[in-house]
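This report looks at one model, beginning with a pair of helices and then turning to the inside and the outline of the chain. Please keep the structure in view while reading.

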Amino acid sequence: MNPTIGDIDSQPEHSGSDESDVKKSMDATICVVGLGYVGLPLAVGFDQEGYSVVGFDIDDTKVETLRRGTDTTGDLGDETIIESDIAYTDDPSEITHADYVMITVPTPVDQNHQPNLDFIESAGNVVGKHMSPNTTVILESTVFPGATREVLVPAVEETSGLTCGEDFYVGYSPERATPGDPEHGLRDVVKVVSGMNSDVCDDIADLYATIIDAGVHKADSIEVAEASKVVENIQRDLNIALVNELAMAFESMDMDIDTRAVLEASGTKWNFHQYRPGLVGGHCIPVDPYFFIHRSKQSGFTPHLIEQGRAVNESMPVHISNMMIKELNKAGKTLRDSRVLVLGLTYKANVADIRASKVDGIIRQLHEFDIDVVGYDPHGDDDFMREKFGIPMQEEDEFSFEAFDGVVLATPHREFYDVNLVDAQSQMNENPVFMDVTGAFDAETVSQAGFAYRRV
């Protein structure tokens, strides 16, 4: 169900929608463009509610894998894919049948931290070339405020020959996916929605309300919705940067002040916010602030605090490595003869994604001191990790602590909690060091097992 609406820049007062509108929308065909960690759960969610769903991706290997019933994200489960009626395709002509097209392609930053919206522009061109008139195009990818109108709309118009606001309609709804967190899935988090005007916004809200149990929030404009996504992660980035900087400061004081003990004591006050130091990886928190910085500087304002927070968090891998080097020296180790086992190389516990991991920064710094580094991760692909991190990887059937001088627990996968620390210590060289990046283990327990224990 697509409304008849006015000019793209108009924003009349919100109008309500009745129950019949919702029932009509249930007959709609939805095409999700991009079947990654965001797009695939979205397609599954609409499929489960009875919509006709087309899942489009340019990666024919991924499409074929999904057709065979294999979950390519690792979050949904193969059975969910097998039971779905989604039409997976790499044929863009299938977009023609869609009433709604949802674009969920990646939006990375380049090596200079500048937003790269090439995927959005390309997706917009493909959608425009194949979509039918009266289609509503909804962008879910993270962007800076204004990008939907400034980048997506021209891309769609370029290949479609259609005019936005007359022949097709646009909206924006930021994704809030949390891979590996079953308690905060698609249905469990409030969905922010927006449209080019209130009629489109209401229509999009009705559509998403059928799959979001937590409800929808109608943003005042597309730009407000775009900004809300980056601000969510800027706030988290800055809070983590604060405790990371505190950790660095306490380490420099050489007074044996444990940062986490300080935070635990401070946290006894009712209004203290609970954050912990560590690596800041992933596809959102380390990236989204740069979208805001970019757009803000275009307008002549430099957000110095946000920039500084990013700089602090980007420096953490080197800080953690230097802590490990210091502990190896204290243990009487010769650095060039030392061997360190890094446990967990993915960006987050219990997920397989290594693309946005910050563990490579730790490895590079250890290599600078000629320390031999070996990795082990029960979730990531070993060949992919060897290539990305440039280190040998232990296979699951050969996992051992034999002849290592230290352990860096970088990503605390659930499997690591079952490790027998006493047995592990007995396999290692004399006076082994245990660096616990996230503070996952109890300090006393690790120390009693015979390790020199440190946490960030």
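## A helix pair, a cavity and the whole chain

In this predicted model, the residues Pro289, Tyr290, Phe292, Ile293 and Lys297 of helix α10 are in contact with Ile306, Glu307, Arg310 and Glu314 of helix α11. Sorted by class, this contact between α10 and α11 has five nonpolar and four charged residues, with no polar ones. The axes of the two helices, α10 covering residues 288–298 and α11 covering residues 304–314, come within 10 Å and cross at roughly 145°, and the crossing of α10 past α11 is left-handed.

Elsewhere, a search of the whole structure for cavities of 30 Å³ or more finds one, and the largest cavity has a volume of about 40 Å³. Its lining is made up of Leu343, Phe401, Phe416, Val419, Leu421, Ala424, Phe434 and Phe441.

Taken as a whole, the chain contains 16 helices and 13 strands. Its radius of gyration is 25 Å, close to the 23 Å that the globule rule gives for 456 residues, and therefore the chain is as compact as a globular protein of that length. Along its principal axes, the C-alpha trace of the chain spans about 75 × 50 × 40 Å.

Notes
Residues are numbered from 1 along each chain as its sequence is written. This is a predicted model: local features need pLDDT of at least 70, side-chain atom pairs count only at pLDDT 80 or more; totals for chains, interfaces and linings use all residues. Side-chain values use heavy atoms; hydrogens and water are left out. Axes are lines fitted to C-alpha atoms, for helices over the stretch in contact, and angles run from 0 to 180 degrees between N-to-C directions. Helices (H or I, at least four residues) and strands (E, at least two) are DSSP runs, numbered from the N terminus. A crossing is left-handed if the near helix is turned anticlockwise from the far one by less than a right angle, and right-handed if clockwise. Contact means heavy atoms within 4.5 Å. Ala, Val, Leu, Ile, Met, Phe, Trp, Tyr, Cys and Pro count as nonpolar, Asp, Glu, Lys and Arg as charged, and the others, Gly among them, as polar. On a 1 Å grid over the protein atoms alone, a cavity is a set of points where a 1.4 Å probe fits but cannot get out, and a pocket is an open set with protein on both sides within 12 Å along at least five of seven lines; lining residues have an atom within 4 Å of a point. Grid points are joined across faces, edges and corners, and a volume is the space filled by probe spheres set on the points. The radius of gyration is taken over C-alpha atoms; the globule rule is 2.2 Å times the number of residues to the power 0.38.
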